[in-house]
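Dear colleague,

Please find below the structure I am handing over to you. My findings follow after it, grouped by topic.

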Amino acid sequence: MKPAPLWIVGAGGHAKVCVATARKAGYEVLGLLDPRPDLQGATVLGAPVHDDDDVLSGDANLVVAVGDNRARARLAASYEGHGFATLVHPRAEMAEGSSVGQGSVVFAGAVVQPGATVGRHAIINTGAIVEHDCKLADLVQVASGATLAGAVTAGEGAFVGAGATVLPGVRLGSWCVVGAGAVVVDDVPDGMTVVGVPARALRRDG
């Protein structure tokens, strides 16, 4: 069965990958929604950019394609009441017993193993690995090439940078940031930024 047509919210680099992924997954991409004046009349991989939500049709779904986790949270909340699609690239591996929530995207080469759950409006980027029994809340982002080992938990809005590794059973707090290439061996509190090998606290927000 062919999926409902799709609108992409945002028109930056992340949106470009979402357009390509959606098409690979069999979606018709109707266009992108982005109010920035310099983008009006532009196209992204041939899909037109619009600044007006009035173009939305009742049978179409949305994906909020904005990489910044907090901005994506605000936009997703503003579009509640619309249907959200879940994009999984055909070259991503979704194991039996895994699940991904509405509005989330799983890009090419990513692996989500058995028992892993991913919340709504999350991003599992190119080549990322989410191992068995990981529990990822809404709005989590796992950047390209990052690895979450078995039974890692990540709170709302947690960000794991490119190439980082999180060891088994570690808890990542809500809205924490794991720097690129870091190796996380201990739990990370809410709002904390950690960097390095092994990862150490850099600052805490909030």
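**Salt bridges and charged residues**

At 35% relative accessibility, Asp190 counts as partly exposed. Please bear in mind that this is a predicted model. The side chain of Asp190 meets that of Arg171 in a salt bridge, with an N to O distance of 3.5 Å. This pair links distant parts of the chain, as Arg171 belongs to strand E20 (residues 171-172) and Asp190 to the loop between E22 and strand E23 (192-195), 19 residues apart. Arg171 is likewise classed as partly exposed, at 37% relative accessibility.

The structure holds 3 salt bridges in total. Another of them joins Glu80 and Arg120, whose closest N and O atoms are 3.4 Å apart. Glu80 sits in the loop between helix H2 (69-78) and strand E6 (87-88), and Arg120 in the loop between strand E11 (117-118) and E12, so the pair ties together parts that are 40 residues apart in sequence. Both residues are partly exposed: the relative accessibility is 45% for Glu80 and 27% for Arg120.

The remaining salt bridge is formed by the side chains of Asp34 and Arg36, at 2.8 Å from N to O. Here Asp34 is buried, because its relative accessible area is 7% and the cut-off for buried is under 20%. Arg36, at 41% relative accessibility, is partly exposed.

Apart from these pairs, Asp51, Asp52, Asp53 and Asp54 form a negative surface patch. Asp51 is located in the loop between strand E4 (47-50) and strand E5 (61-64).

**The parallel sheet**

An open sheet is built from 6 strands with parallel pairing, in the order E7-E10-E13-E16-E19-E22. Strand E7 (93-94) and strand E22 (183-184) are at the edges and have a single partner strand each, so one side of each is left without a neighbour in the sheet. Within the sheet, strand E10 (residues 111-112) runs parallel to strand E13 (residues 129-130) and is joined to it by 2 bridges. Val112 stands opposite Val130 of E13 in this pairing.

The loop between strand E12 (123-124) and E13 contains Thr126. This residue, Thr126, is partly exposed, with a relative accessible area of 38%. Thr126 and Val185 are 59 residues apart along the chain, and their C-alpha atoms are separated by 23 Å.

Yours sincerely,
A colleague

Terms used
Residues numbered from 1 in each chain as written. Predicted model: local features only at pLDDT ≥ 70, side-chain atom pairs only at ≥ 80, totals over all residues. Heavy atoms only, no water. Pairing = 2+ DSSP bridges. Helix = DSSP H or I, 4+ residues; strand = E, 2+ residues; numbered from the N terminus. Patch = residues over 30% accessible without salt bridge, like charges linked within 9 Å, V, L, I, M, F, W, Y side chains within 5 Å. Areas by Shrake-Rupley, 256 points an atom, 1.4 Å probe, with all protein chains shown as cover. Salt bridge = Lys/Arg side-chain N within 4 Å of Asp/Glu carboxyl O. Lys, Arg positive; Asp, Glu negative; His and termini not counted. Charge placed at Lys NZ, Arg CZ, Asp CG, Glu CD. Buried < 20%, exposed > 50% of the residue type's maximum accessible area, 1.4 Å probe, protein only.
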